[in-house]
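Welcome! Please take a moment to look over the sequence and the fold, and then we can walk through a few parts together.

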Amino acid sequence: MTDAAETIERSVTHATFAVERSYDASPARVFAAWAEPERKARWFGNPEDGVAEFELDFRVGGREFNRGKVEGQEYTYEARYQDIVPDVRIVYAYDMHLEGTRISVSLGTVELEPEGDGTRLTYTEQGAYLDGLDSADQRESGTGGLLDALGAELARED
């Protein structure tokens, strides 16, 4: 019997992308939506297929864990917070797994800047996308969807 790992063509693609959004909410409110477990659980994940498991220990050195399904496939996200400046910046390193196989390792940076009465959020990701199982284009699209969900959550709170 052949080990499935032996049949995968090994490769890594490095890429960086940035996604920006403007929100009608103060930097403190946007930051809180990332920092408070109950709030983040409402927008971070896939509500259609459900989140099976979610943990958030939001502090430097703290861990975030999220497991759920997207289109019937199980994804696992595990992050470690590297730098947090309240209402200004969040930096974290994270792994993504698909059905138990690591598909990427990334460094994500969230920057919050006042913009009028609201906030300009810039998310930058530097990623290593593994074995053709993930790509920067897919991740950028998914991140855009998450940031749109954050916007909907902030609007819902109003």
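## A look at helix H4

How many residues does H4 have, and how far does H4 reach from its first C-alpha to its last? This is a predicted model, and in it H4 has 22 residues and spans 31 Å from first C-alpha to last, close to the 32 Å expected at 1.5 Å a residue.

Several residues of H4 are buried: Ala136, Arg139, Thr143, Gly144, Leu147, Leu150, Gly151, Glu153 and Leu154. Their cover includes two helices, H2 and H3 (37–43). It also includes the strands E1 (12–23), E5 (89–98), E6 (101–115) and E7 (118–130).

## Where H2 meets H4

Helix H2 (residues 27–35) packs against helix H4 (residues 136–157) at an angle of about 115°, and their axes are 11 Å apart. That angle makes H2 roughly perpendicular to H4. The crossing of H2 past H4 is right-handed.

On the H2 side, the contact is made by Arg29, Val30, Ala33 and Trp34. H4 brings Leu147, Leu150, Leu154 and Glu157 to the contact. Sorted by class, six residues of this contact are nonpolar, two are charged and none is polar.

Leaving aside residues up to four places away in sequence, Phe54 touches Pro37, Lys40, Ala41, Glu64, Phe65 and Asn66. Phe54 and Thr122 are 68 residues apart in sequence, and their C-alpha atoms are 24 Å apart in space.

How values were computed. Residues are numbered from 1 along each chain as its sequence is written. This is a predicted model: local features need pLDDT of at least 70, side-chain atom pairs count only at pLDDT 80 or more; totals for chains, interfaces and linings use all residues. Side-chain values use heavy atoms; hydrogens and water are left out. Axes are lines fitted to C-alpha atoms, for helices over the stretch in contact, and angles run from 0 to 180 degrees between N-to-C directions. Helices (H or I, at least four residues) and strands (E, at least two) are DSSP runs, numbered from the N terminus. Angles under 35 degrees count as roughly parallel, over 145 as roughly antiparallel, 65 to 115 as roughly perpendicular and the rest as oblique. A crossing is left-handed if the near helix is turned anticlockwise from the far one by less than a right angle, and right-handed if clockwise. Contact means heavy atoms within 4.5 Å. Ala, Val, Leu, Ile, Met, Phe, Trp, Tyr, Cys and Pro count as nonpolar, Asp, Glu, Lys and Arg as charged, and the others, Gly among them, as polar. The expected span of a helix is 1.5 Å times one less than its number of residues. Buried means under 20% relative accessible area, exposed over 50%, partly exposed in between (1.4 Å probe, protein chains only).
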